[in-house]
Amino acid sequence: MTTPQADQDRAVSSQVTVGVDPGTAFAVFTDEMDLWWTRGPINFYDAARAVGMRCEHGVGGRLLELYAPDASDVLELGRITVWEPGRLLAWHSSVDDVRVEVRFEAVPDGTTVTVAATIPAGGADRGGTAWVRVTPRWLAAWCARRDTAPRVPSDTGRLGLAVHYARPTSAAHWLSEAFGFRPVPEHDDEEGDGEHRWIEFRIGNCSVMLFPLDGQRRDGSPVTHVPWVFVDDLDAHLEHARSSGATIVSGIHQHGYRAYQAADLEGNRWTFAQARPTM
C-alpha cells in the first residue's frame, strides 16, 4: 500500500503578529532582511565571512548570505518560487530540501505572519527550517522599533559569554523571568542529561549563550563560564597562544562560527572565534 505523500512529509510552523499592515510587513521581511536578521555567533552558515543578508525580488530571486557587499561572493540560501507582495512569499531552500512559505494576513492589530517549512519525505534539513524559529522574535522585535531605530545593521560586540548549566532550558526560563532577558530563545520544554542545545540571549550588542555542562577544570570542578573573544586572525591567534604556553583544549573547528578553545595558566577556559568583517 502506498502511503500518501502528505503523511511522509514533515512540517513545522510558527506565527507572530506585527503592528504594520500586510504590504509593509512583506516589504520589511524582504527589503529589510539585513536589518531584522540578528547577527549572533551561529546565525550564518559562515559567520566568519558574512557581511549581511539580502532578498532579491520576484520569482527566481535569491535569498543570499553575503560575503561581499556587492554580492560578488555569496551563499544562495533559497530560490523564490512565489512572490505575491502583502500576501505570500515562498522559496525552495538551496542548502537542503526544505520548502518555506511565509503568509501575511491582515488582523485588527496589524499582520499575522505565518512561517511554514516542509521537509519532503526522505529530504534533509540542514538549516532550512531555521526561518520558522527565528522569524517570530527577530521580525517582531525589528517591527516594534523600526520607526525610531537607525536603518543600519547592528552587529554583535567582540566579547560574549557562554554559561553552562545542568538544565539549560530551565535556566533560560528562569533568566528571562527573574532578570528580564528578552526575547526568550526558541527551545523545547524537554530536559535531559547530556542534552546539547544552544540558547542565546542578545543583551545590548553582546551574546550570552547557554550550554549544558560538558567539561572540567584542572581541579575537577565543572566549567561554568567561558568568555568568547572574537579576533581578526584566528589562525595567527591560535599559534601565538600555543607558543605562549596556553593549553589548547580544542583546535580550530567550524560550525557556523569558526573557533578554538584554550585554557589559561589556572585552567580557566576561553573560546576564541573569527570575527566577521562587520564586527
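Biologist: Which residues are exposed on the other side of H6?

Modeller: This is a predicted model: local features need pLDDT of at least 70 and side-chain atom pairs count only at pLDDT 80 or more, while totals for chains, interfaces and linings use all residues. Residues are numbered from 1 along each chain as its sequence is written, and side-chain values use heavy atoms, without hydrogens and water. Exposed means over 50% relative accessible area, buried under 20%, and partly exposed in between (1.4 Å probe, protein chains only). On that side of H6, the exposed residues are His240 and Ser243.

Biologist: And which residues of helix H6 are buried?

Modeller: Helices (H or I, at least four residues) and strands (E, at least two) are DSSP runs, numbered from the N terminus. Helix H6 spans residues 234–243, and its buried residues are Leu234, Leu238 and Ala241.

Biologist: Why are they on the same side of H6?

Modeller: The arc is taken from the directions from the helix axis to the C-beta atoms. They are on the same side of H6 because they cover an arc of only 70°.

Biologist: Which strands do the buried residues of H6 pack against?

Modeller: Contact here means heavy atoms within 4.5 Å. The buried residues of H6 pack against strands S11 (225–231), S12 (247–255), S13 (257–263) and S14 (269–274).

Biologist: Let's turn to the strands. How many bridges join S6 to strand S7?

Modeller: Two strands pair if DSSP finds at least two bridges between them. S6 and S7 form a hairpin through 2 residues, and Glu105 stands opposite Thr112 in S7. The two strands run antiparallel, and the number of bridges joining them is 9.
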